[in-house]
Amino acid sequence: MKRLSLAMAALSMLLSSSAAVTANAQDGRATDFSFTSINGKAMPLSAYAGKVLLVVNTASFCGYTRQYEGLQRLWERYEAAGLVVIGVPSNDFSQEPKGDGDIAAFCQGAFGVTFPLTTKTHVTGSNAHPLYRWIDATLGGKSPPGWNFHKYLISADGRSVTSFPTTVSPDHRDLIAAIERELAKRTASGSAGGQG
């Protein structure tokens with residue numbers, strides 16, 4: 001019954017509007033948080049200070065798994081301009097059952113992923129990673145991950161967050177436009193020559 005409820009909630013989220021939800025954080029910034037990388041090393045987001053972040057919860061056994069290809073293309077296209085794509089493997093929707101080594105091998109082997117991946121992480125509920133809890137608070141609880149491949153675009157100053165649901169693919173014009181806007185702001189503010 002619980003799985004049916006989860007599936008219905010996910011379907012509801014997928015069928016909802018693809019309009020982005022944007023908010024500015026009142027307290028803190030994304031670079032205050034840290035993950036563990038998929039190879040077990042510390043992954044402080046402060047290492048990406050001054051960069052635009054695209055944080056995406058991922059899964060290997062999902063109908064949207066091919067979005068890894070599009071995420072890799074975004075990384076290749078915009079990395080030099082200051083975009084960092086971060087994949088956050090999660091089994092919160094029961095579609096990422098394997099361990100970190102298998103996840104890394106799958107992502108690299110099947111999709112040629114070279115962007116940073118975290119260790120398998122909770123992204124929803126009371127056990128969600130602190131970054132995800134901060135994002136939820138920043139967006140007023142309006143846009144939690146409803147399924148795999150939910151995307152959060154975080155401004156170069158680490159304070160503004162825009163949310164894109166699963167159905168907004170990595171090559172969707174709205175996401176591309178938002179990335180390019182954030183990169184332009186970064187360049188205009190001089191972040192391109194700063195940290196990161």
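## Salt bridges in a predicted model

At 36% relative accessibility, Glu-180 counts as partly exposed. Buried means under 20% relative accessible area, exposed means over 50%, and partly exposed lies in between (1.4 Å probe, protein chains only).

This is a predicted model, in which local features need pLDDT of at least 70 and side-chain atom pairs count only at pLDDT 80 or more, while totals for chains, interfaces and linings use all residues. Residues are numbered from 1 along each chain as its sequence is written, and side-chain values use heavy atoms, with hydrogens and water left out.

Side chains of opposite charge can pair when their charged atoms come close. A salt bridge is a side-chain nitrogen of Lys or Arg within 4 Å of a carboxyl oxygen of Asp or Glu. The structure holds 3 salt bridges.

| Pair | N to O distance |
|---|---|
| Glu-69 and Arg-66 | 2.6 Å |
| Glu-180 and Arg-77 | 3.5 Å |
| Lys-185 and Glu-182 | 3.1 Å |

Take Glu-180 and Arg-77, whose side chains meet in a salt bridge. This pair links distant parts of the chain, 103 residues apart. Glu-180 sits in helix H5 (residues 173–189), and Arg-77 in helix H2 (residues 67–78). Helices are DSSP runs (H or I, at least four residues), numbered from the N terminus. Arg-77 is exposed, at 53%.

Lys-185 and Glu-182 are 3 residues apart in helix H5, so about one helical turn separates them. Lys-185 is partly exposed at 48%. Glu-182 is buried at 9%.

Glu-69 pairs with Arg-66. Glu-69 is partly exposed, with 28% relative accessible area. Arg-66 is exposed, with 55%.

Key
Helices (H or I, at least four residues) and strands (E, at least two) are DSSP runs, numbered from the N terminus.
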